[in-house]
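Please look over the model below before reading the points that follow. They are arranged by topic, and each is meant to be checked against the structure itself.

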Amino acid sequence: YGGIAQSHKSAHLKFEAEGREKLVAVCDIDPERVRWVQENVCACKGYEDYETMLREVGPEAVIVATPTALHYEMVGQAVNAGARGVYCEKPMTVDLETAEKMVALCAEKDVALMVGHQRRVTPVYQEMKRLMKEGAIGKVYLIRAMCAGDFLSDGTHSVDSVRHFMDDQQPRWVMASMFRLPLGTHVWGNNYFTGTRYGHSVESGAQVMIEFENGVRAEILTGELRLPHRGYQDIEIFGDKGRLWRAGDDAPQDILLQDEQAGGFRTINVGRPEAERALDGGGHGANLMERLVVVDGFWRMIEEKVSHPMEGRNALKTQEIVMAAYESV
């Protein structure tokens, strides 16, 4: 029950308050953390061992919010324990083979698999895509995305966002370069960018280029290679008549639009009340209202067997591009 798990809690607590689900158990290897959750978050059972929790509780749905290197094994354990749905945090796994096996197992067992690429279903990204489709910036030729962090952990969001704007087209090619500073070197005060992070090795900076079937290119810059002073998950869409810009998750404006009208950028807001704009649980690209949309979609996947943009089969295509970048390097 670390930081990313806390970003999920409010939406699930609201669903519980409405009688739409019941939080039955939490598992963390830190017993103090488990006790804290039981005392401060929900009156649920607490476990320090995942297998024991699955065996004794038999949950209908499981959220896997653990280090990336554990995702494949823990999703598989949940599926084999009888879960009908699993929400797996991004990135899916540390390689392509286990990601493919994860999707195949869930398909075989008829289990709904959702992966945490939530930005594509947020109102801001939906509005950006609508504006782009309606020709607000003319013919699109380039998308540029940037974020702090390593390419596997954080760049996976950027790749998935780019795919969202490209209607999930297949890429023609992927080309990348990366560098890694000496171990122990401090970057922004965080030396995990030069060693391991979430159970896997990481680079200090990455530059990735993708060309899609329609000829549009995407640039993704992470870590030390992103432009200075840019926000987390900064994304720009360039057209021959203007530009759309989401200046990161914490941007004061939803969308900035630069078009043929003189005067530079103008603000496009998606109509959310100010209270709903407050980031929930430390941000992570979605506020409470947007998290509720994700949880509702998750339960619809489980109960109604409907497809969803965040489903595992789609996330696998993002994982393929991420791994193609490492192959290129």
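**Notes on the model**

1. Leaving out neighbours within four places in sequence, Glu127 is in contact with Ile255, Ile268 and Val270, where contact means heavy atoms within 4.5 Å. Glu127 lies in helix H6, residues 123–133, and counts as buried because its relative accessibility is 17% (buried is under 20% relative accessible area, with a 1.4 Å probe and protein chains only).

2. This is a predicted model, in which local features need pLDDT of at least 70 and side-chain atom pairs count only at pLDDT 80 or more, while totals for chains, interfaces and linings use all residues. Residues are numbered from 1 along each chain as its sequence is written, and side-chain values use heavy atoms, with hydrogens and water left out.

3. Helices H7 (residues 151–165) and H10 (residues 312–328) pack with their axes 9 Å apart and at an angle of about 120°, the axes being lines fitted to C-alpha atoms over the stretch in contact and the angles running from 0 to 180 degrees between N-to-C directions. The two helices, H7 and H10, are therefore oblique to each other (angles under 35 degrees count as roughly parallel, over 145 as roughly antiparallel, 65 to 115 as roughly perpendicular and the rest as oblique).

Key. Helix = DSSP H or I, 4+ residues; strand = E, 2+ residues; numbered from the N terminus. Buried < 20%, exposed > 50% of the residue type's maximum accessible area, 1.4 Å probe, protein only.
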